Amino acid sequence: MGTEFEITVHARPGDADTSEVERIARLAFEAVDDIESRISSWKQDSQTTRINYRGADEAVPVSAD
């Protein structure tokens, strides 16, 4: 996306099990990947690319968010 991301996830003090923190971090990166897949102008099938190619001629459906 041409930008930098910093994701910080903290475990509760004393927690030895990091599986929940790892799950949350994975969800955060999946969210970034999802956003990039929809708005990246470098991806051939992204919403942004479809708008750039067809938007002047027709309505281009995009996700609500």
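Helices here are DSSP runs of H or I with at least four residues, numbered from the N terminus.

**Setting up.** I am working with a predicted model, so I kept in mind that local features need pLDDT of at least 70, that side-chain atom pairs count only at pLDDT 80 or more, and that totals for chains, interfaces and linings use all residues. Residues are numbered from 1 along each chain as its sequence is written, and side-chain values use heavy atoms, with hydrogens and water left out.

**Before H1.** I started with Ile7, which sits in the segment before helix H1 (19-39). Ile7 is partly exposed at 33% relative accessible area (buried is under 20%, exposed over 50%, partly exposed in between, with a 1.4 Å probe and protein chains only). Together with Phe5 and Phe29, Ile7 makes a nonpolar surface patch of about 300 Å². For such a patch, residues need over 30% relative accessible area and no salt bridge, and nonpolar side chains are joined within 5 Å. The area comes from the Shrake-Rupley method with a 1.4 Å probe.

**Helix H1.** Then I looked up which residues of H1 are buried, and found Ala25, Val32 and Arg38. They lie on the same side of H1, because their arc around the axis is only 155 degrees, taken from the directions from the helix axis to the C-beta atoms. What do the buried residues of H1 pack against? They pack against helix H2 (47-54), with contact meaning heavy atoms within 4.5 Å.

**Salt bridges.** I found 5 salt bridges in the structure (a side-chain nitrogen of Lys or Arg within 4 Å of a carboxyl oxygen of Asp or Glu). One of them joins Arg12 and Asp15 at 3.4 Å, N to O; Arg12 is exposed at 64%, while Asp15 is partly exposed at 37%.

Glu20 and Arg23 pair at 2.8 Å between the closest N and O atoms. Both lie in H1, 3 residues apart, about one turn of the helix. A reminder to myself: an α-helix has 3.6 residues a turn, so residues three or four places apart point the same way.

Arg38 also pairs with Asp34, at 2.9 Å between the closest N and O atoms. Arg38 is buried at 17%, whereas Asp34 is partly exposed at 38%. Shared partners join Asp34, Arg38 and Asp65 into one salt-bridge network.

Notes: Patches are made of residues with over 30% relative accessible area and no salt bridge: like charges are joined within 9 Å, nonpolar side chains (Val, Leu, Ile, Met, Phe, Trp, Tyr) within 5 Å. Helices (H or I, at least four residues) and strands (E, at least two) are DSSP runs, numbered from the N terminus.
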